[in-house]
Amino acid sequence: EGKYYEVSVEGKDGGGLSAYAKVHIDILDTNDNAPTLTVLPILNPIPEDSVPSTVVAVINVRDRDSGDNGEVICNIDEDLPFRLEASSANTYKLITGSDLDREKTSAYNITISARDRGSPSLWSSAELVLEVSDV
């Protein structure tokens, strides 16, 4: 919430003399906040004839820590026909990575994981169920 504090200190002796000093206290961030994810589905159900690179959802990640403790990397399982693409700072797009076939798979349960670069690293995840519509 704050990176530093400044405090004014006054010292007095018994004879009525005084002196002032300003004390600057820097606060070092510890990795005490796990990342949070907000998933906004764009296309659900998704038509099975969607072309690769179709945006399916937007994921916003946030970590209240600073520096490496607040830098977040997101990922999903690699064996899915979807992939994550960084869109802007703290935002990812979930897009189709290959063709879909409703007759083979009618729905996908996708776990999106977010891990920060702190030490020790903290993480969180969100689930998204995507249904495939028949064409």
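Two strands count as paired if DSSP finds at least two bridges between them. Keep that rule in mind as you explore this predicted model.

**Stop 1**

Zoom in on P47 and you will find S133 of β10 standing opposite. Now bring in the rest of the sheet: 4 strands in the order β4-β10-β9-β6, open and with mixed pairing. Its edges are β4 (46-47) and β6 (72-75), each of which pairs on one side only. If you are new to sheets, their strands pair through backbone hydrogen bonds, either parallel or antiparallel.

**Stop 2: the span from the record**

Next, colour residues 5-37 and 46-135, where an unreviewed UniProt entry places the feature "domain: Cadherin". The end C-alpha atoms of residues 5-37 are 31 Å apart, and this span is 58% strand and 0% helix. For residues 46-135, the end C-alpha atoms lie 10 Å apart, with 53% strand and 0% helix.

**Stop 3: E6**

Select E6 in strand β1 (residues 4-12). Which residues does E6 touch, leaving out those up to four places away in sequence? They are K22, V23 and H24. Show the side chains of E6 and H24 to see a polar contact of 3.4 Å. E6 counts as partly exposed because its relative accessibility is 47%. For a sense of scale, draw a line from the C-alpha of E6 to that of I73: the two are 34 Å apart in space and 67 residues apart in sequence.

**Stop 4: the nonpolar core**

Now go to the largest nonpolar core, which has 23 residues. Select L37, I59, V61, F82, L84, L94 and I110, the members that touch the most others. Elements giving two or more residues to this core are β5 (55-62), β6, β7 (82-88), β8 (91-96), β9 (107-116) and β10. Click on I59 and look around: beyond its close sequence neighbours, its contacts include L37, L84, L94 and I112.

**Stop 5: an aromatic pair**

How many aromatic pairs does the structure hold? There is 1.

Notes. Residues numbered from 1 in each chain as written. Predicted model: local features only at pLDDT ≥ 70, side-chain atom pairs only at ≥ 80, totals over all residues. Heavy atoms only, no water. Buried < 20%, exposed > 50% of the residue type's maximum accessible area, 1.4 Å probe, protein only. Contact = heavy atoms within 4.5 Å. Polar contact = N/O pair within 3.5 Å; in protein donor to acceptor, adjacent residues only side chain to side chain. UniProt positions renumbered as here; feature names shortened; annotations may be inferred. Core = buried A, V, L, I, M, F, W, Y, C linked by side-chain atoms within 4.5 Å. Phe/Tyr/Trp six-rings, centres within 6.5 Å; stacked < 30°, edge-to-face > 60°.
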